[in-house]
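Biologist: Thanks for sitting down with me. Could you walk me through this model, one question at a time?

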2 protein chains.
Amino acid sequence: MADAGAPVLAIDIGGTKLAAAVVEPGGRIAVYDRVPTPNNPSMDAEGLWRTLAAMLEKLLAEAGGPRPAGVGVGCGGPMTWPDARVSPLNIPAWRDFPLRDRLRETFPGLPVRVHNDAICLAIGEHWRGAGRGRDNMLGMVVSTGVGGGLILNGHLIDGASGNAGHIGHIIVDPDGPPCGCGGRGCLEAIARGPGLVNWAREQGWPGATGVDLASDARRGHPVAQAAMRRAGRALGLAIASATHLCDLEVVSIGGGISQAGALLFEPLEETLRTYARMDYARKVSVVPAALGQTAGLVGAAALVFEAERYWSAD
Amino acid sequence: MADAGAPVLAIDIGGTKLAAAVVEPGGRIAVYDRVPTPNNPSMDAEGLWRTLAAMLEKLLAEAGGPRPAGVGVGCGGPMTWPDARVSPLNIPAWRDFPLRDRLRETFPGLPVRVHNDAICLAIGEHWRGAGRGRDNMLGMVVSTGVGGGLILNGHLIDGASGNAGHIGHIIVDPDGPPCGCGGRGCLEAIARGPGLVNWAREQGWPGATGVDLASDARRGHPVAQAAMRRAGRALGLAIASATHLCDLEVVSIGGGISQAGALLFEPLEETLRTYARMDYARKVSVVPAALGQTAGLVGAAALVFEAERYWSAD
């Protein structure tokens, strides 16, 4: 048995960086480290694993203190769940990589719990951020993709395969642009960073990234602002549908695009209030995510600390 | 304490009829009765209550046997939840009527649990119908309105105010017709019976009701068939969005319109398969509701028999 005050080892695996932290029971990050994800074409599955394992070993040595109570992980999808054979879209070296099994071998006897990275962000926001104390919340990430996690009746919703919360594929325009999923008019097809960037470049905006676009919108660039209105309207429609279906109290939005502030949130609110008209749905509030870069690590730790709320699997 | 084999008194309150049954622990209906809802303009709240109370008294006398373990009720919305002050759209005599309190006074010491009628239908289908044994299901009713109930991670989802599952207000066409909710392009605005009937009459169909429309569609009336295609497409879009968001395994559809059979389900499936393209969403199955007229009573009984799964309130 881990002692009651033992920390959790939290890991966040994305296409840009591998991050890890020793997280205390209250959610405070005691020790943190990260390295760029080694994503060069010659990288193989074992090489990437060794990079991660070395970072974890160094981190735990630095932390000292009691043995962790468990290991919580957020990882880019898709993955099988809960056994977490992972195939992150942006990490070609791992295809069907048995992440949960490998971590169990490395940390024998400890619970190892892996979930989608967007779901861990939503859990983080629910446990210690914008959704604290609310029982019905959607935590969204609007970035290279559009993802999220659902907490309903006070518990994380996994769905049939661990994919619940994936608001990016709510259809907001049946005649809209093709989506990477093979469908059409999904929220993600319109509001994801690269989608907005492509649209803005077609209209003459000279930048390259979603974060640049948000920044230029704040500085008054008219095309960048129009792109944010476009994203805001799509987000407002999807949130109206999700709120009607799930009777949400609060929706948090994180990710690079959300840094556009009012330029995104004002058209979002206007659209939401136009379409979310049932009495119960009018009460929903949409807020920027409260936690920063470490939200995913905090959420991953909660898979262990707050299993009753956030972990429904074995 | 009620004994383990005690039945439940189940009640279904709608604009057309008041129904009640004594339901056995396995879900079998032992005794059943119904009366037309006394909805004449002179009917007042107490008169309607007396009609209901008299029917319940007669039913229990007829049933004999052990005292019920509790009372489960499905009632047309809206209502406050879980205290169930009800204002059913189609029962003008009851506005903010304290249904739960009145039933508690009538049956002192017994648990009394009231939920939306569409949610009770979904529970019935999950417990003993099309969703049996599945953990992630949406049970829909397509009738005068379009409603539903959500079971996720094996539990009924209530949401912030007991309104979760209300798929009727997912937006399927942002530029679509105005909806009774004040919004636009909601599934309900397009697919509810009166909406389809109005649309078909504008195209020259001479009938009057949704059930007639379904029946004429089966007999080959081209406008009636076109109306069913229109409903099927709207349903397919909404179900695609709900499946992506909630990672559903099964969706059941009941209500008068669903009697159109393949004429409704084929365009629904075609649209669903066009838009629900994420791997996990392709697995969803959409099926007609398996239980008949008594599904709502079976579901209402489950609020008591299977409280761990279906009743999250006090």
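Biologist: Let's begin with a loop. Between which two strands of chain B does B:Asp96 lie?

Modeller: Keep in mind that this is a predicted model. B:Asp96 belongs to a loop of chain B, and the strands on either side of that loop are S5 (85-86) and S6 (97-98).

Biologist: What is the phi of B:Asp96, and is the residue buried, partly exposed or exposed?

Modeller: Most residues other than glycine have a negative phi. B:Asp96 is not a glycine, yet its phi is positive, near 60 degrees. Its relative accessible area is 40%, so B:Asp96 is partly exposed.

Biologist: Now chain A, please. Which loop holds A:Asn153, and what is its phi?

Modeller: A:Asn153 sits in the loop that runs between strand S9 (146-152) and strand S10 (155-156) of chain A. Although A:Asn153 is not a glycine, its phi is positive, at about 50 degrees.

Biologist: Which residue does a cis peptide bond join to A:Pro82, and what is omega there?

Modeller: Most peptide bonds are trans. A:Pro82 is in the loop between S4 and S5 of chain A. The cis bond joins this proline to A:Trp81, and omega is about 5 degrees.

Biologist: What about A:Pro78: where does it lie, and what is the geometry of the peptide bond from A:Gly77?

Modeller: A:Pro78 is placed in the loop between strand S4 (71-75) and strand S5 (85-86) of chain A. The bond from A:Gly77 to A:Pro78 has omega near 0 degrees, and its geometry is cis.

Biologist: Back to chain B. Is B:Ala21 buried or exposed, and which residues does it touch?

Modeller: B:Ala21 is part of strand S2 (residues 17-23) of chain B. Its relative accessibility is 0%, so B:Ala21 counts as buried. Leaving aside residues up to four places away in sequence, its contacts are B:Val8, B:Leu9, B:Ala10, B:Ile29, B:Val31, B:Tyr32, B:Leu59 and B:Leu297.

Biologist: How are H6(B) and H7(B) oriented to each other?

Modeller: H6 spans residues 210-218 of chain B and H7 spans residues 222-246, and their axes come within 7 Å. The axes cross at roughly 110 degrees, and the crossing is left-handed. The two helices are therefore roughly perpendicular.

Biologist: Which residues make that contact, and how do they divide by class?

Modeller: From H6(B) come B:Leu213, B:Ala214, B:Asp216 and B:Ala217, which meet B:Ala224, B:Gln225, B:Ala227 and B:Met228 of H7(B). By class, the contact of H6(B) with H7(B) has 6 nonpolar, 1 polar and 1 charged residues.

Biologist: At what angle do H3 and H10 of chain B pack, and how do the residues of their contact divide?

Modeller: Helix H3 (residues 117-128) and helix H10 (residues 295-305) of chain B pack at about 80 degrees, with their axes 7 Å apart. That makes H3(B) roughly perpendicular to H10(B). Residues in the contact include B:Trp127 and B:Arg128 of H3(B), and B:Leu303 and B:Phe305 of H10(B). The contact of H3(B) with H10(B) divides into 10 nonpolar, 3 polar and 2 charged residues.

Definitions and conventions
Residues are numbered from 1 along each chain as its sequence is written. Chains are lettered from A and ligands numbered from 1 in the order in which they are written. This is a predicted model: local features need pLDDT of at least 70, side-chain atom pairs count only at pLDDT 80 or more; totals for chains, interfaces and linings use all residues. Side-chain values use heavy atoms; hydrogens and water are left out. Axes are lines fitted to C-alpha atoms, for helices over the stretch in contact, and angles run from 0 to 180 degrees between N-to-C directions. Helices (H or I, at least four residues) and strands (E, at least two) are DSSP runs, numbered from the N terminus. Angles under 35 degrees count as roughly parallel, over 145 as roughly antiparallel, 65 to 115 as roughly perpendicular and the rest as oblique. A crossing is left-handed if the near helix is turned anticlockwise from the far one by less than a right angle, and right-handed if clockwise. Contact means heavy atoms within 4.5 Å. Ala, Val, Leu, Ile, Met, Phe, Trp, Tyr, Cys and Pro count as nonpolar, Asp, Glu, Lys and Arg as charged, and the others, Gly among them, as polar. Buried means under 20% relative accessible area, exposed over 50%, partly exposed in between (1.4 Å probe, protein chains only).
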